Amino acid sequence: MKLADMQALFQASVLDEAPDPLLLSQFQAPPHAEKIEDAFAVYHDGYRLRLTEFLANDYPVFREAMGEDAFNELADAYIAARPSTFRNARWFGAGLPDFLETTAPYNEESFVRGVAAIEAALAKSFDAEDVAPLPLESLGKIPQEDWPGLRFNFHPAVATVKAPAVALAAYEAVQAGEADPDLSEARAEDLALLVWRDGLDVHYCEVDDLEALALQEALRGKPFGEICGLLAFARPEEPAEELTLAAATFLTQWFAAGMIVAAAP
Amino acid sequence: MSQQKAQGFERAKGFGLGLRSVYYPEILEAAQPVDWFEIISENYMVPGGRPLAMLDRIRADYPMRMHGVSMSLASVDPLDMDYLSDLQKLIKRVEPELVSDHLAWTGVHGRNLHDLLPIPYTLEALDHCVERVSRVQNFLGRRIAVENPSTYVSFSGADMSEPEFLAELSRRADCLLLLDVNNVFVSGFNHGFDARAYLDLVPKDRVAQMHVAGHTDLVTRKIDTHDHPVCDDVWDLFAYAREIFGPAPAMIERDDAFPPFAELLAELAHMRKLAEKCEQVSA
């Protein structure tokens, strides 16, 4: 059998339920009274165990929230639907939040989807590219008349996540080592989380609706003046000057946290 | 010029450990009796953040070697040039003493099974691997070391044994070899060959590094799990390898069920002592 044919058959036999008899016929008999199917199972079963372990390592709280059996079932579905094309196992699980959003019955389960989204955002921030942030002082050097046209580039480690408050409560409880957390007090409605990195440490905090909107638009590359206009549109009952001041405060905080790497009209 | 000098790794000696993130605190806290660390290349092929920062800090104090698991040298898929470009960037950052990967494939048709899969040791596979290793070395501008894999099935239509295949590969591609003693032991048991006879066939002037590790014994089969201390049988085989191959750099791989760092250091001290004893006997 040609090398290419063997590799195609070998891979199909790992991915399928059972190995192809033609492939098994290519192997020597094992010397220790073992069936060749059992020897091949090291590759067949090992594939699923290994990829499930990658997911468990990337999503430890999600796994806890799902429970072992449900997690393993989900892992099987994910492995079948999104087989790895990545050289680096680091990226294999990155598509899990999207898979959960688009696959029944998981798309109905906002709690576990929220937990996965939080863990994915924190993981992405953890090893995002290193880019030097603009110091806070640089903001003061920008002439006031230039502010309305300013657009911002955010540090690659910055992300926003929308998740139910109860998902964040579950995440924090597991991180704190609580074996059986009481989540009855946690809110079911969505909250907006801001994720960023200060040096090497990943941080997150809840942001209110106004800051979430400002962030969303700034991340989309909207200029500062337009962001102020959108905030005024969203909160018509509040004076526009106060909203502009709020936007300027957000901006100052983002600079201070090292979240902005470029600002230019 | 000695054979070893001709191969360009005569300066490299010593005893190392695999760099794993669970041991960062101990490694950063104080100087450790470790001559060098070997990294899993892919663990640091990320955009930035803590992994690369830790890598840079530890590299400032220790020589390093790079060991990959995704080059897929034996695959019939085209070489992944994006992967090799990323690897090249990491090589420039780390300036490793050695870059290695496995005599294995990880997938075809664009898939990655994240495993080191076996090949039949045929003339066709040899031609294929020689061409691939040569192209990788040309791209990277340096020789790589190819590691003997641990395998759980073997092919009946082989034209040669694994060590014969490695000998021909290293000769024709002018590459180095990373001799994993535990893999020889595990595969020897799984396929019923004599591990010492295997070592006798490995070309002495190509072995640029050695690995030892623990494995799992399932009675009818042994699995290369790196989650146990090195067993006495593997230490015996390591001692035999030292007699044959001399003072090549050697290290312990540990990838799961991580013991306290002190235990790993004690295991490394055992390796050092055993190797020194072998050198005295040889002298």
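Start with the hairpin in chain A. Strands S3(A) and S4(A) form it, with 2 residues between them. Look at Gly199(A) in that turn: its phi is positive, about 70 degrees. Keep in mind that this is a predicted model.

Now the pairing. S3(A) covers residues 190–198, and S4(A) covers residues 201–207. Pick one bridge to find your place: Leu193(A) is partnered by Glu206(A) in S4(A).

S3(A) has another neighbour. Strand S2 of chain A, residues 159–164, joins S3(A) through 6 bridges. This pair is antiparallel too. Which residue of S3(A) stands opposite Thr160(A)? It is Leu194(A). A general point while we are on strands: in a regular strand the side chains alternate between the two faces of the sheet.

Helix H1(A) takes in residues 3–15. Does its length agree with what a helix should give, or disagree? Count 1.5 Å a residue: its 13 residues should span 18 Å. The end C-alpha atoms are 18 Å apart, so the two agree.

Which residues of H1(A) are buried? Leu3(A), Met6(A), Gln7(A), Phe10(A), Gln11(A) and Val14(A). They cover an arc of only 125 degrees around the axis, so they sit on the same side of H1(A). And what covers them? The cover includes helices H2 (21–24) and H3 (36–58) of chain A. It also includes helix H5 (123–140) of chain B. So the other chain takes part in that cover, because H5 belongs to chain B.Over to chain B. Strand S2(B), residues 36–40, is mostly covered: 4 of its 5 residues are buried. Follow its partners. Strand S1(B), residues 15–18, is joined to S2(B) by 3 bridges, and the two run parallel. Here Leu17(B) has Phe37(B) as its bridge partner.

S2(B) also pairs with strand S3(B), residues 64–67. That takes 4 bridges, again parallel. Ile39(B) finds its bridge partner in Met66(B).

How does the chain get from strand to strand? From S1(B) to S2(B), the unit includes helix H2(B), residues 24–29, and this β-α-β unit is right-handed. From S2(B) to S3(B), the helix is H3(B), residues 50–59. That β-α-β unit is right-handed as well.

Key:
Residues numbered from 1 in each chain as written. Chains lettered and ligands numbered in written order. Predicted model: local features only at pLDDT ≥ 70, side-chain atom pairs only at ≥ 80, totals over all residues. Buried ≥ 20, exposed ≤ 12 C-beta atoms within 10 Å, placed from the backbone. Pairing = 2+ DSSP bridges. Right-handed = clockwise from strand over helix to strand, strands pointing away. Expected span 1.5 Å × (residues − 1). Arc of directions from axis to C-beta. Contact = placed C-beta atoms within 7 Å.
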